[in-house]
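Here are a few friendly notes to read alongside the model. Keep the structure open and find each pair of side chains as you go.

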Amino acid sequence: MLTERDEEELVKLLVATAEVIGDQLRSTAALFMVSDLAAYPMPLLERALASCRRELKGKLSLAAILERIDDGHPSPNEAWAVAMRAADERSTVVWTEQTRDAWSKALPLVEAGDIIAARPAFLEVYTRLVKDARAYQKTATHQISLGADASARDGVLQQAVAAGQLVHEQVAEFLALPSTTPAFNPVALLAGRVEASPEADARTRARLAELAELLGCGPKEQAA
């Protein structure tokens with residue numbers, strides 16, 4: 001939702017955009033447009049109006065602005081390509097709510113082996129769901145469908161974060177833990193000595209030195 005300040009700025013942008021393309025837009029008309037656009041984030045609206053200034057001539061309409069709002073919903077064919085990956089239970093998929101729901105309708109046909117019939121069934125439902133979402137000015141939200149192959153998850157999830165579909169906090173618990181180097185020397189520990197590994201930082205070295213003293217295997221004790 002736009003703030004009051006955003007709405008004031010949007011009125012100015014609408015009037016200025018109309019002027020750039022050779023149109024005139026009264027403030028009252030701009031206010032009506034703002035009420036129809038208020039559900040979208042300001043950055044999306046700014047980009048849509050920039051496209052209008054580049055592409056339109058002579059007339060700025062609400063329909064032209066809405067057509068240029070990148071609401072994140074994939075095209076039907078793009079959504080189908082994503083959904084088909086879910087046919088493999090090993091695959092992790094990042095998809096929209098509409099893609100997921102359309103896939104659930106097409107899945108029985110896919111499981112029956114009728115891909116030819118599944119595709120138009122999917123496209124019909126998906127197109128309707130996206131149309132409904134856009135009628136309510138709902139931008140796309142992406143969700144994770146985890147596959148059984150844990151080793152292949154990281155690439156899919158990190159790509160979704162890079163594309164702005166998800167944030168790191170949404171995927172962190174599903175990512176493989178990075179390999180770590182022990183802060184201590186495990187060979188020395190077996191010999192009864194507490195020694196920091198070469199990779200340990202200064203703070204870790206200090207803590208290990210304290211632990212060695214407590215255990216009676218500090219430098220003085222070891223020298224004795």
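**Notes on the salt bridges**

1. Let's start with E67 and R68, whose side chains form a salt bridge with an N to O distance of 3.8 Å. Please keep in mind that this is a predicted model. E67 is exposed, at 65% relative accessible area, while R68 is partly exposed, at 22%.

2. This pair also has a partner to look for: E55 joins E67 and R68 in a network of salt bridges.

3. Now turn to D71 and R134, whose side chains meet in a salt bridge at 2.6 Å, N to O.

4. Is D71 buried or exposed? With a relative accessibility of 8%, D71 counts as buried, because the cut-off for that word is under 20%.

5. Next, have a look at R100 and D101. Their side chains meet in a salt bridge, with 2.9 Å from N to O. R100 is partly exposed at 30% relative accessibility, and D101 is partly exposed too, at 26%.

6. How many salt bridges does a search of the whole structure find? The search gives five, among them E67 with R68, D71 with R134 and R100 with D101.

Terms used
Residues are numbered from 1 along each chain as its sequence is written. This is a predicted model: local features need pLDDT of at least 70, side-chain atom pairs count only at pLDDT 80 or more; totals for chains, interfaces and linings use all residues. Side-chain values use heavy atoms; hydrogens and water are left out. A salt bridge is a side-chain nitrogen of Lys or Arg within 4 Å of a carboxyl oxygen of Asp or Glu. Buried means under 20% relative accessible area, exposed over 50%, partly exposed in between (1.4 Å probe, protein chains only).
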